[in-house]
Amino acid sequence: MGIDIFLAIADLVVACAVTWLIIWYFLMPSAHVSDQDAGADSPANRPWRDPEDWGKWGADLDSRSHRLLRPTIISALLTAPVLVLDLFDRFGPELIPSWLTSPWVQAILITPVIFYCGRGILMDGWKSMTEHRCSPDLLAMLATSLAYLYSLATCLAGSLLPEGSRSPYFDLIGVVITLLLLARVIGTRMEASLVASLNHLTEIRPASGLVADPKHPQTVPAQILARDRIRPGDLLLVRTGERPAADGVVESGSALVDDSELTGGDRPRPCGPGDRILASSKILEGRLSIRVDAAGDNTYAARLVKIIPQALVERSPAMRRMDRIVNTAIALIMILAVWTFMLWLMLGPQPHLAHAVGNAVCVLTIACPAAAAMTIPMAFRTSLETGLAHGLLFTSPRAMNHLGRVRTLILDDSSLLDPDDSESQGVHAESLTRTATHLRSLRVSSLILDGSRHPDDRIERAARQAGVDMLITRLTPERKRECMDRLNHDLTRTSRGVPADRTGQDTASAGEQGRTSLVALAAGTTADPKLAARAQVGITLGPKLQADTDDATDDIDLPHPDLILHQGDLDGTGRAIELSRATTQVMRQNLAWSTVYNVIALAIATGICQPFLGWMLNPMIAAVTGALSTILAMLNVRRLHRLRHLRRRWLHLALIDTDQLPTVAARRPQVIVDSQWESMQEGKDPAAAMD
């Protein structure tokens with residue numbers, strides 16, 4: 001009796017000591033590496049910083065995928081006979097020779113699995129431990145190491161162990177390693193697909209172009225110049241099968257141009273004099289003379305190559321917050337495994353050791369923190385690739401999150417004017433009609449700020465035809481900025497009415513940030529930079545970016561746009577909001593699944609049901625469930641590549657005749673002239689008017 005009390009006290013002391021060690025080593029602020037340092041040292045982030053490394057990084061990912069495939073197959077082939085032997089040993093031991101039931105046979109088959117096939121998992125887990133970081137690989141390393149050492153002990157000294165504690169866990173080790181390797185193969189191929197599509201942007205950029213003499217294009221022979229030597233004002237000649245080396249406007253000629261790789265267009269478009277051509281577009285048929293207005297690093301393709309790596313490297317506050325949550329959760333899982341082992345060793349039924357090891361391994365293998373850890377970055381990368389295919393470029397994870405929270409879209413008149421479209425009287429009337437209808441289906445209010453000073457303005461007629469919610473017209477640039485500030489304040493709401501600012505640092509508490517409704521501004525490339533700087537969510541229409549604005553705006557702290565619409569299509573705003581919401585929905589599904597699954601699975605894995613139901617979780621089932629939960633979360637993110645229901649809606653809206661859209665009948669806009677703005681504010685604020 002005295003020995004039992006002494007052993008119980010010793011177990012409790014050891015459990016408390018290990019718990020304190022885990023908390024001190026992994027959770028103390030001074031004990032682990034900061035998120036910023038860890039992110040900077042991450043090998044997954046370094047290749048994105050330089051676009052020139054994309055080709056090498058893509059080749060490395062392909063090579064890594066092939067390298068992972070071989071150990072995955074070997075692990076599966078070596079694990080399969082172990083599972084078969086285990087099944088025969090349990091249900092038909094008389095059907096196989098006695099020597100096959102020896103644990104040494106399983107040890108011989110599984111040892112290469114853990115030390116060769118699973119070497120990368122063990123090394124990554126060890127690296128996380130040395131860096132004071134908690135990662136899913138650390139849990140896998142602890143679970144497989146504990147199971148392997150216990151199983152090896154049953155082989156070497158099985159006779160010394162109590163009866164019932166001599167069953168090895170070699171089959172469990174093989175299943176865990178195989179499924180984790182399979183998850184790595186799927187994740188690597190998803191990342192390789194994104195890198196390959198982005199690397200294509202750098203490969204299609206022509207190194208040189210044929211430049212004619214702008215003063216004597218017919219008499220002086222053209223010469224080939226490197227793209228860095230081409231200057232604005234040069235006359236660039238392109239023929240069938242070639243790609244222009246600079247952005248510009250067609251001066252003469254006609255051609256069929258395919259710019260889908262840059263703008264996400266679904267079909268080639270005919271181009272003639274006056275049309276704008278982007279560098280790296282492909283001339284399918286015809287000849288063009290292009291007057292260059294942006295060359296070298298100022299072309300849209302070059303800026304695209306710079307923006308995308310920055311978007312991939314940036315870690316949003318949500319990502320950092322999730323990293324901290326996952327780090328804490330994994331540490332708590334390790335503490336739970338320690339106490340599960342000790343309590344079963346002290347209080348569990350016979351055999352104590354087998355039950356203690358089995359339940360501790362269950363806790364470590366059934367946990368699925370990877371589903372939460374990889375959801376946000378993987379969802380953003382997948383949606384970024386999907387958006388690029390539809391002419392949408394999200395410039396950061398924070399930008400995508402903000403687009404999903406937009407409840408009011410303000411259209412600046414610079415996004416509506418189309419001087420080349422004489423039939424629509426200089427306004428994107430049809431596009432505005434589709435946009436207003438699309439936004440209304442998303443429960444997003446539409447509002448136009450018109451800076452025209454003419455009575456009977458063309459924008460007002462287009463707004464009435466489209467049925468937008470509100471039109472504020474005849475604004476000076478100064479009054480337009482004041483209106484923008486007032487609208488930001490009145491239309492931005494949380495559950496407590498706390499507004500959010502443009503930088504993304506909401507003045508609301510962390511719990512209210514997810515419920516904040518934001519106001520977005522869609523503006524053309526000729527918009528007032530001071531107005532764009534006041535936007536909570538900035539949307540730029542057209543391929544010409546803010547760097548092309550006048551030098552007079554150099555003293556303005558101009559924020560980067562959250563969304564760039566390559567084709568300058570107004571309805572791209574609705575598509576971007578829908579895609580952002582779909583991405584947010586997938587992330588919430590994965591996070592909810594991860595939370596509910598881990599709470600229920602860990603409660604079952606500790607053996608809490610044994611006193612009431614008389615059964616305990618099989619470690620094999622725990623390992624399979626934990627690995628499959630991660631794979632299911634990855635496949636759920638993969639759905640963002642397809643989104644068939646969204647694509648069908650977008651295609652239907654693009655093809656439908658605008659006369660059939662229920663815009664005017666649904667709602668007529670409230671038109672406010674600038675002189676009425678102040679008096680209206682005294683009686684009714686815009687928020688009430690929009691409602």
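Me: How do I read the packing of helix α10 and helix α11?

Reply: Two packed helices are described by the angle between their axes and the distance between the axes. Helices here are DSSP runs (H or I, at least four residues), numbered from the N terminus. Axes are lines fitted to C-alpha atoms, for helices over the stretch in contact, and angles run from 0 to 180 degrees between N-to-C directions. In this predicted model, α10 spans residues 317–347 and α11 spans residues 352–366. Their axes come within 8 Å and cross at roughly 165°. That makes α10 roughly antiparallel to α11 (angles under 35 degrees count as roughly parallel, over 145 as roughly antiparallel, 65 to 115 as roughly perpendicular and the rest as oblique).

Me: What is the handedness of the crossing of α10 and α11?

Reply: A crossing is left-handed if the near helix is turned anticlockwise from the far one by less than a right angle, and right-handed if clockwise. α10 passes α11 in a right-handed crossing.

Me: Which residues make the contact?

Reply: Contact means heavy atoms within 4.5 Å. From α10 come residues including Ile 333, Leu 336, Phe 341 and Trp 344. Among those from α11 are His 352, Val 357, Asn 359 and Leu 364. By class, the contact of α10 with α11 has 12 nonpolar, 4 polar and no charged residues. Ala, Val, Leu, Ile, Met, Phe, Trp, Tyr, Cys and Pro count as nonpolar, Asp, Glu, Lys and Arg as charged, and the others, Gly among them, as polar.

Me: At what angle do α6 and α11 pack?

Reply: Helix α6 (residues 136–157) packs with α11 at an angle of about 155°, with the axes 9 Å apart. α6 and α11 are therefore roughly antiparallel to each other. Their crossing is left-handed. Leu 139, Leu 146 and Tyr 150 are among the α6 residues in the contact, and Leu 353, Val 361 and Thr 365 are among those of α11. The contact of α6 with α11 divides into 12 nonpolar, 1 polar and no charged residues.

Me: What is the strand order of the open sheet?

Reply: Strands are DSSP runs of E, at least two residues. Two strands pair if DSSP finds at least two bridges between them. The open sheet has 8 strands in the order β8-β14-β13-β12-β9-β10-β11-β15, with mixed pairing. β8 (392–394) and β15 (670–673) stand at the edges, each with a single partner strand, so one side of each is left without a neighbour in the sheet. The twist averages 20° from one strand to the next.

Me: In which sense do β10 and β11 pair?

Reply: β10 (residues 445–449) and β11 (residues 470–473) pair in the parallel sense over 3 bridges. Ile 448 has Leu 471 of β11 as its bridge partner. Helix α16 (residues 477–491) packs on the sheet, and its direction makes about 160° with that of β10.

Me: Where is Arg 474?

Reply: Arg 474 sits in the loop between β11 and α16. Its phi is near 60°, a positive value in a residue other than glycine.

Me: What should I know about the numbering and the model?

Reply: Residues are numbered from 1 along each chain as its sequence is written. In this predicted model local features need pLDDT of at least 70, side-chain atom pairs count only at pLDDT 80 or more, totals for chains, interfaces and linings use all residues, and side-chain values use heavy atoms, with hydrogens and water left out.
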